[in-house]
Amino acid sequence: MIRRIFTRVAFLYILTGAALNTMAQTAFDGFTMTKGELCIVADYGQSKWTEYWEGKRLRENLNIGEFTSKIFMPMLGYGITDRISVFATVPYIHNKSDAGYMADLKGWQDLAVEAKVQLTKNRVGKGTLLSFATVGFSIPVTDYIPDFLPYSIGLGAKTAQIRAIGHYKLDKGWFTTIQTGYIMRGKIEVDRETYYTDDQYYSKEMAIPDVWDGSVRAGFDNRHVRLGAQYNWAISTSGSDIRRNDMPFPGNRMDRHSVGVSGLWWTPWIKGLALHAMGDQVVAGRNIGKSFTWMGGVQYVFKPFQKKKNEQAEN
Amino acid sequence: MSKQKTNNIILTGVAIAAIFVGCSKEVEQRSLPSFEPVAVENNGGSWKTILVGNPADITISAPEAVGSAAYTAELEQIADMQASITETDKRAINKWKNSGIIRWNEIARKLVSVYNIPPEATAEGNYPTPNANDPGAYPKFPFANPPYASRAYAYLHVAIYDALVTTWKYKFQYKRMSPAAQGGAIKALETVQEGLPSFPSEDAVVAQVSYRLLRVMFPNDSTMLAGERDEQKRAKVVSGVAAPSDIAAGEQIANQVVEKVLARYRTDGMAQAGGNPALWAEAKQAAVDRGLTMPWESLEKPARPGMLMFFGNVKQFLITTSQRDSLRPPPPPAIGSAEFKEALAEVKRMSEVRSGEVWRIAQLWGDGASTYTPPGHWNEIACKSIVANKFSELRTARTLALMNMAIFDAGISCWDAKTYYFYPRPSQVDPSIKTIGLPNFPSYTSGHSTFSAAAATVLGYIFPAESASFEAMALEAAESRIYGAIHYRFDSEAGTDCGNAIGSFAVKLGQQDGSN
C-alpha cells in the first residue's frame, strides 16, 4: 500500500562522496514496500562548505573558497515480496570551488544496490515494532578520479555493507528509527605510484578505511505527510589525518556527525506521487568539510506488473 | 520465505560482499630485490673525488694485524654477539644486507616527503619561514621543496662518494678481510663479498656520513637518524662482515669528509636563496625592463612570496656562474605573440582533459607537495637500475653522486631562468585555466623538465642499455606539466634542453673519474 513506502532523505559525505550514504534513510529507514511496488525517485541537491577539518582542526582555505557539490540522484526501489525490497542508485556529482586554480571534477559515481529484509514485526503497546536487516554493495560505474580530493566525486572503492534497523511507530503516527551499519571498503588504485600519509608508500594502491555509521530519527507519519528530525554519524575505523596545510587523501580518517530534518508530502493530484526535501548540517567532523546539504525531489510509487489488489493499512 | 531461509540469504550475501570488496587493508608495495654486488672495484681508491681532493689527506690509524691480541679480542666479542643473537639483530641484518646507500637514499626521500608541505599563512596573511634554529616550531624546518630536496640529495651523495673513494684507498692499502673470512668461529650471517677488505667498513662510512648530513638537513629527526646509523653498524658487526675497529675507521673517514662537505654546504648561497621584498621587486623590474609585459604574480591567497626566488644563485657543482649564464635558455615568446597564443591554447585544451592518459601522466609525474619531489622520483628510478645491474657500493655512490649533482645544478639553472625571465603561469594570463595544482613561482622554464633531462642524461650514460627508456621518461615528465596545465610547451622544451646540457657536464666528469 502506497503509504507504506519509504521517504527520501539523502545525505552525502562531501569530502568522501560515499555513494552508499546517498541511500541512507531510504533503504535504511523503517518503512517498507509491498510486493510488486516500484518506486522511482529523482533528486537534486547541493552541498556547500567554506570550512573543513584538517585532522581535528577546523580551518578555512582561501585557495578553495566556497566548495560546492552538486548532486543529481535517480533511484529505483522495488518490492520483491512484502518483506524484501531492493534499491539501486547512481548519483551524478559535480565538485568545484569558487577560488583557486584546481580543476573541478564531475561524473557518474557509484552504483549502489541494497536489499532490505523485514525480520520481525510485533505489536508493542499502542504501536508496531519492526526490525530489518540490509545487505548491499557499491561499485564505481566510471573510471572517475578518486585521488584528487576534495574535488574527486568519490573514493573509487568497491564497498559492501550490512546494517540493522529498528523502527517503532505509534498508531497515532509518531515514530522513531535507529539504524547502524558497517561498511567495508576495498583498496583502490591511483595514478600516483608513491605517496606519503603516515608513512612513505611505494605503491599505486591505497587502503580506504571502513566506516561504522548510523542514525537516530524521530518524526511523524500519516497518509499526507512524513516529517522527521535526525542525528547521523559516520566514523572511519582507520586512516590518517590530513597533515597541516597538506591536501586530503582518499585514505584519510573521515568522521562526520550531522543533524538534519526531512519532509515528505503526498500530492493530492496523482496517487503515489510525493515531493520531498531535506536539509543536513555537519556539526562535527574530521578530515571533511563542514557542509550544509539540501536536497529535494519527487518520487512516484506504483505497481507496474500487476493489478492492484485491495489495499490494507498495516502500519 | 522462512526466517531461517532469510537469515541464510543474508549471511551468504555478507560473505559474497566481503570477498567482492576485499577485506585486506594491506597495501602491496614494490621493493627492490636482494642482490650481491659483482665487482670489488680494487682500483676504487684512485677514482677522482669531487670535494675532498686527495683521499690521502684524510687520515686514519692503521689497523691491528690479524692475530694481534686486540683483533683477537674483537673476534671473541663478535662470536659472543653471534651466540646470543636476537630477533632484532636478525631483522637488522636482513634490512641492511643490501646496499646501505640505497637504504639511506630511501630515508632521505621519506624525510623530504614529510617536510615537503608549504607553510600555512598566518591570520594576518603572512607566510612564516621555517627557522633552522628553532626547527620544531611551526612551520617546521625545513620546507623540503624541490630545490631544497635536490640540494639535500646532492650533498648527501657527493659526501658518500668522496668518503667511499677514501675508504677504498685504505681497504686496498691494508687489505684486512672481514671477521667471517678469518677462518675462525665467526659465521657469515649475510653474504660477505669475496676479495673486498673490511677495513675500513664501508657500511660505517655510509651510516655516519648519512647520519651527520641528514641531521643537519632534517634536525627534528636526529634521534631517528642516529637509530638507523647504530642499527646498520651493529648489524654489520653481528653478521660477521665488520669488526668494531673496521667500524671505527669508517667513522674516522666519515667525520673528516663530512666536515669538508658541510663547510661548502653552509656557504653555497642557500641562506640567501629566499631573497627579500626589495630583491623580488628588483628582479621583477629587471625582467620588465628587458621587455616583459606581464610579470609573474603569485596566484595564491594571500599572495605568497615565490619559492626560493634566488636559488639560481646557489653555487653549482658542475658549472661556473658564467657557464650558467651562457647556458641560460633563450627568452620565451613575447606575451601576446602568435607563438605564445598557440602555446596558451594548447594548455587550455589540456586543462579540460580530466581523464585517461593525459590525467594519469600528469598525476604520475606530479611529485608535488607531500612527495619526495621530482629529484626523489629520479633517485628511485636510479636505485632500481643500480640493483638490476648489481652495482658495488662504490659504484652506487658514484652513480647517485653524478646524477644528483646534475639534478641540483639543473635546478639552480632552472631557477635562475625563472627569476631572470619572471614569466607568468598560463593561469595568470587566462584565469579560466584550472590545473592539477599551481606551483608558486614563475613559469619559464619547467623545473620538472630540467631536473628530469639532467637525470636521464646521466643515467643513460651509466646504464646505456636503458638510455632510451630514461629519455622517454624525462620527456613524459616534461609533457606532464603541459598536461597538468601549469606550463607552456616552450617552458618544457627549454627546460629539457638546459637539463640535457647540464647532465652532459656530469657525464664528462664521470668519463674522467678513473672508474671506467
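Biologist: How many helices and strands are there in chain B?

Modeller: Chain B has 18 helices and zero strands. Here helices (H or I, at least four residues) and strands (E, at least two) are DSSP runs, numbered from the N terminus. Bear in mind that this is a predicted model, where local features need pLDDT of at least 70, side-chain atom pairs count only at pLDDT 80 or more, and totals for chains, interfaces and linings use all residues. Residues are numbered from 1 along each chain as its sequence is written, while chains are lettered from A and ligands numbered from 1 in the order in which they are written.

Biologist: Is α6(B) largely enclosed or exposed?

Modeller: A residue is buried if 20 or more other C-beta atoms, placed from the backbone, lie within 10 Å of its own. In α6(B), 14 of the 16 residues are buried, so the rest of the structure largely encloses this helix. Across the 516 residues of chain B, 50% count as buried.

Biologist: Which residues of chains A and B are in contact, in numbers?

Modeller: Contact means that the C-beta atoms of two residues, placed from the backbone, lie within 7 Å. By that rule, 43 residues of chain A touch 45 residues of chain B. Elements giving two or more residues to chain A's side include β8 (110-124) and β9 (127-140) of chain A.

Definitions and conventions: Buried ≥ 20, exposed ≤ 12 C-beta atoms within 10 Å, placed from the backbone.
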